[in-house]
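Reader: I would like to learn how to read a few local features of a protein model, with the cut-offs stated as we go. Could you take me through them one at a time?

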Amino acid sequence: MPQILDGNRVRDEIKAECRPRIEKLVAQTGRPPGLAVVLVGNNPASEVYVRNKTKTAADLGIYSETITPDADITTEDLLKLVRVLNLRPEIDGILVQLPLPKHIDEQAVLLAVDPEKDVDGFHPYNMGLLATGRPGLRPCTPAGVIQMLRRHAVEMEACNAVVVGRSTIVGKPMALLLLAENATVTICHSRTKDLAAVCRTADILVAAIGRAAMITADYMKPGAVVVDVGMNLVTSRAEAERIFEPGRMAGFEKRGSQLVGDVHPGDVARVAAAYTPVPGGVGPLTIAMLMQNTVEAAERRTGAITGTIADA
Ligand code: NDP
């Protein structure tokens, strides 16, 4: 039987480790760590994500506030709003929920966030720290994957790791974090030739593509560790029948849709030595890592972690 890499367990561990650090910060500074979330417009999926983030913050005793400008806010006004948050001393972390409306210059907004408060880890300054192997705030989802692998004692050193996907949010930082663990890393994308053959070289295969169940048995080396970052909502019955074996359609039948990763769920259970399920794998870790980054940002700002990000 393959090992199932349990994201809920790792999430709970990470949250439990945050609690005493938060208590210590409160004792030292007289206030909890503070997180500001900027949610522009009324994207329903973003509203759910933000609600889950602020709920987790409240559960941990992190102060959070959500700022909700209308969808027609200008880039200039959004930049002003971010600059005000940069200056507020009780705010340690700033998160601008993506995607932003199309008319807004997303890069300019992300660049405006003070790197010391950049709890998403998307600022080029923090990406630069990651690329040069220095401490700093790391993007939450790939940092969560590393925690998942470490806490299930998956050996990363000297293994062949293949990352499918090269986004700034997941694929690229994932590859850099695996490199920092001394893996030999290959990054693949939509122009990669014979993707299946490259994936079959992987001891650790990370799929961050956004295509439901694309990674089938042909892409997996028997005995590989497979990490599925994908979150895709399958709403077509034909697609669900391609993915799920007869008798495993109950979730789809009940809701008329089903959350599916980028990895074929039946194939990975047959071929891999260990894998992250969807749901219950990588998904729960992103928010836990956001909380950890907020605590870390607060510690750095109060000097509890020696040195600032600037001289890390
Ligand atoms: P992007 O769309 O930004 O990037 C997708 C990447 O996959 C691109 O690099 C693209 O290549 C590559 N790709 C697309 N199609 C193929 C293909 N046929 N063959 C090979 N490579 C391909 O997505 P994200 O990185 O933001 O997200 C990836 C997945 O992870 C999504 O399902 C998303 O929902 C999920 N996600 C989950 C999170 C979580 O908390 N669990 C958090 C963030 C994302 P190219 O660059 O050439 O276009």
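Predicted model: local features only at pLDDT ≥ 70, side-chain atom pairs only at ≥ 80, totals over all residues.

Reader: Where is D194 found, and what is its phi?

Author: D194 is found in the loop between β6 (184-188) and α8 (195-199), where helices (H or I, at least four residues) and strands (E, at least two) are DSSP runs numbered from the N terminus. Although D194 is not a glycine, its phi is positive, at about 45°.

Reader: Is A213, which also has a positive phi, buried or exposed?

Author: A213 counts as buried, at 0% relative accessibility. Its phi is about 55°, although A213 is not a glycine either, and the residue lies in the loop between β7 (204-207) and β8 (225-228).

Reader: Which residues does the cis peptide bond with omega near 0° connect, and where is its proline?

Author: That bond runs from L98 to P99, and P99 has its place in the loop between β4 (93-96) and α4 (106-112). A cis peptide bond also joins V278 and P279, with omega about 0°, and P279 is found in the loop between β11 (274-275) and α12.

Reader: How should I read the packing of α2 and α12?

Author: Two packed helices are described by the angle between their axes and the distance between the axes. Helix α2 (residues 44-60) and helix α12 (residues 283-302) pack at an angle of about 55°, with their axes 10 Å apart; the axes are lines fitted to C-alpha atoms over the stretch in contact, and angles run from 0 to 180 degrees between N-to-C directions. The pair α2 and α12 is therefore oblique, since angles under 35 degrees count as roughly parallel, over 145 as roughly antiparallel, 65 to 115 as roughly perpendicular and the rest as oblique.

Reader: Where is L259, and why does it count as partly exposed?

Author: L259 has its place in strand β10 (residues 258-260), and it counts as partly exposed because its relative accessibility is 30%.

Methods: Residues numbered from 1 in each chain as written. Heavy atoms only, no water. Buried < 20%, exposed > 50% of the residue type's maximum accessible area, 1.4 Å probe, protein only.
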